[in-house]
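Hello,

Here is the structure I promised to pass on to you.

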Amino acid sequence: MALRGPLFRLLRAQLTNNCQSRAHSVAVLGAPFSKGQKRRGVEHGPKAIRDAGLIERLSTLDYPVHDFGDLSFQHLEKDEPFMHVPFPRTVGRANKLLSSAVSSAVAGGHTCVMLGGDHSLAIGSVAGHAQQRPDLCLIWVDAHADVNTPTTSPSGNLHGQSVAFMLKDLQDKMPQLPGFSWMKPFLAARDLVYIGLRDVDPGEHIILKNLGIQYFTMKDIDRVGIQRVMEETLDHLLTRKQRPIHLSFDIDAFDPSLAPATGTPVNGGLTYREGIYITEEIHNTGMLSVMDLVEVNPVLAASREQVESTAGLAVDVIASCLGQTREGAPLPFQEIPSAKEDTEQLRL
Ligand SMILES: NC(=[NH2+])NCCC[C@H](N)C(=O)O
């Protein structure tokens, strides 16, 4: 019988407090890439997130931050669509490059932060992570399930298919796409949890149900609350063993009123606190190993303020994953200095 419930959670909290694998150093990797979908502009995501103060914010936390800059993706002249999937070779090649970069960052002992770019980049990011840590589990925070196959996809866009490339359970449903011969599916359906879903295509729904994938829609969050959703997520993924977490965070998981600068916004998304609660809980496990922050598209914003609020939100998400809290760190008990001592101290 699997251990569950409050006792288990207490045990897990104690275990993770003892052997917390808090970040020793953080590697930031930019992936300015947009060919996983048809709207241009998402390739400027890494710059917008850095301009919103990412590196400065991370340097206030207590470990070294290495900004490895942006990967450079070459344009492929000859890239015919495959079925109705545009740019398969370009997306395949970009992800191969990204997977090596993420793999090296993890091998180098860093907690890796990948800045997208569109969500097709998760293929390379999670694959590279899995090369080093085959026991990883995946938390996908998104309005969309991104688990279409080239056959079920209504748009053909690869940013709506990333998870299908990873899942071992879908292997016999995936055609061999040009550009992807470098990778094999590596993830079991039970090692994945979705949070925030509210725009799932019919084919995706069948896949989620048939494979028994654990997912929490916005309606589930309405019903049971984000605290219970996170408890169940972490129970599901970490009950049997402590293992590395890959967090793939699409900014469109948030409500479009908070994150307007994105390519496929869907109303009724996460509030600010719900999103940050997810990242705080993931940080508290001590097991975050790689994270993606994708789909910030500054070109689609209606104003400069919209770019800044969307990119600023991305910075908050990343900083919170890495332990920043606005509530102050827990301290040992101390007396509150009396008014008299206070004034004396001030005079000194
Ligand atoms: N990462 C994203 N923004 N994905 C949007 C996917 C939209 C739609 N389900 C599709 O497959 O085309």
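In what order do the eight strands of the open sheet run? Please keep in mind that this is a predicted model. The order is S2-S1-S3-S8-S7-S4-S5-S6, and the pairing is parallel. At the edges stand strand S2 (65-70) and strand S6 (214-217); each has a single partner strand, so one side of each is left without a neighbour in the sheet. On average, neighbouring strands of this sheet are turned by 15 degrees against each other, direction ignored.

Helix H10 (residues 272-285) touches S4, strand S5 (192-197), S7 and strand S8 (288-294), and its direction makes about 165 degrees with that of S7. Helix H11 (residues 304-321) touches strand S3 (111-116), S7 and S8, and the direction of H11 makes about 175 degrees with that of S8.

Is Ala164 buried or exposed? Ala164 counts as buried, because it has 27 C-beta neighbours inside 10 Å, where 20 or more are required. Apart from its neighbours within four places in sequence, Ala164 is in contact with Val147, Asn148, Thr149, Leu170 and Met174. From His66, Ala164 is 98 residues away in sequence and 31 Å away in space, C-alpha to C-alpha.

Best wishes

Definitions and conventions. Residues are numbered from 1 along each chain as its sequence is written. This is a predicted model: local features need pLDDT of at least 70, side-chain atom pairs count only at pLDDT 80 or more; totals for chains, interfaces and linings use all residues. Two strands pair if DSSP finds at least two bridges between them. Helices (H or I, at least four residues) and strands (E, at least two) are DSSP runs, numbered from the N terminus. Axes are lines fitted to C-alpha atoms, for helices over the stretch in contact, and angles run from 0 to 180 degrees between N-to-C directions. Two residues are in contact if their C-beta atoms, placed from the backbone, lie within 7 Å. A residue is buried if 20 or more other C-beta atoms lie within 10 Å of its own, exposed if 12 or fewer, and partly exposed in between; C-beta atoms are placed from the backbone.
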